[in-house]
Amino acid sequence: MLILVIGLVVFFCVHSVRLFAPNWRETSMGQGKNGVMRWHMRFGLLTLLATAFIVMGYMQMRVEPIWLWFPPVWTRHLAGLLVLVALFFVGSALVPNTSMKQKMGYPLLIGIKIWAFAHLISNGTVADVMIFGSFLVWSIVSFVVYRRRDRKAGVVYVTSDESSVPSNLLAFVFAMISWFTIVFYLHEAVIGVSPLV
């Protein structure tokens, strides 16, 4: 459990810099012509390290899982559908000029919320609650804080128009390809559990 906790703490500390100290982040990125590159390298290395700790900790806790509840089978089917929706929001964040980005501002955080919720309802161990519960809380808090900052800054979210249709279609294609890849290949290869079982 300690390894999992360390991984989660490092991960959320790194990903909360913009949340709690946006000025420090921008200042660090603006130091010299290589400031942005240095920032992204440090950010990426710490993220990889934290992710490795999270995976290792989760795998260790799965050896002797502590069950809080036993989710019924239908929650797995619902989770599969919710993950597809989550991936569409992720695609909407990655692809420029999508309707979700125009309307919501932060579709990636919405995708993380849906992903975390989907895994919370379909898994019932302490490790699952620690991981997906923390991601759910972090994404909710981040979304609220960023939207509040935008309102104070006078940011206006526009409605989608016809020019966003190709972008929305590309986000949908991304979601479908990613979903099939994860469900049929990556999930079992990385986590060791098939979501189809």
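Helices here are DSSP runs of H or I, at least four residues long, numbered from the N terminus. Hold on to that, and start with F184, which lies in helix α9.

A word on the model. It is predicted: local features need pLDDT of at least 70, side-chain atom pairs count only at pLDDT 80 or more, and totals for chains, interfaces and linings use all residues. Residues are numbered from 1 along each chain as its sequence is written, and side-chain values use heavy atoms, with hydrogens and water left out.

Buried means under 20% relative accessible area, exposed over 50%, partly exposed in between, with a 1.4 Å probe and protein chains only.

Now the rest of α9. Its buried residues include A171, A175, W179 and V183. The buried residues of α9 pack against α5, α6 (99-104) and α7. Helix α9 also has a kink of about 55°, centred on I182. That bend is the angle between axes fitted to the seven residues ending there and the seven starting there. Just after α9, G192 takes a positive phi of about 90°.

Next, the core. The largest nonpolar core has 36 residues, and L4, L8, I131 and F135 touch the most other members. Such a core is a set of buried Ala, Val, Leu, Ile, Met, Phe, Trp, Tyr and Cys residues joined through side-chain atoms within 4.5 Å. Which helix gives the largest share of this core? That is α8, with 10 residues.

Terms used
Helix = DSSP H or I, 4+ residues; strand = E, 2+ residues; numbered from the N terminus. Contact = heavy atoms within 4.5 Å.
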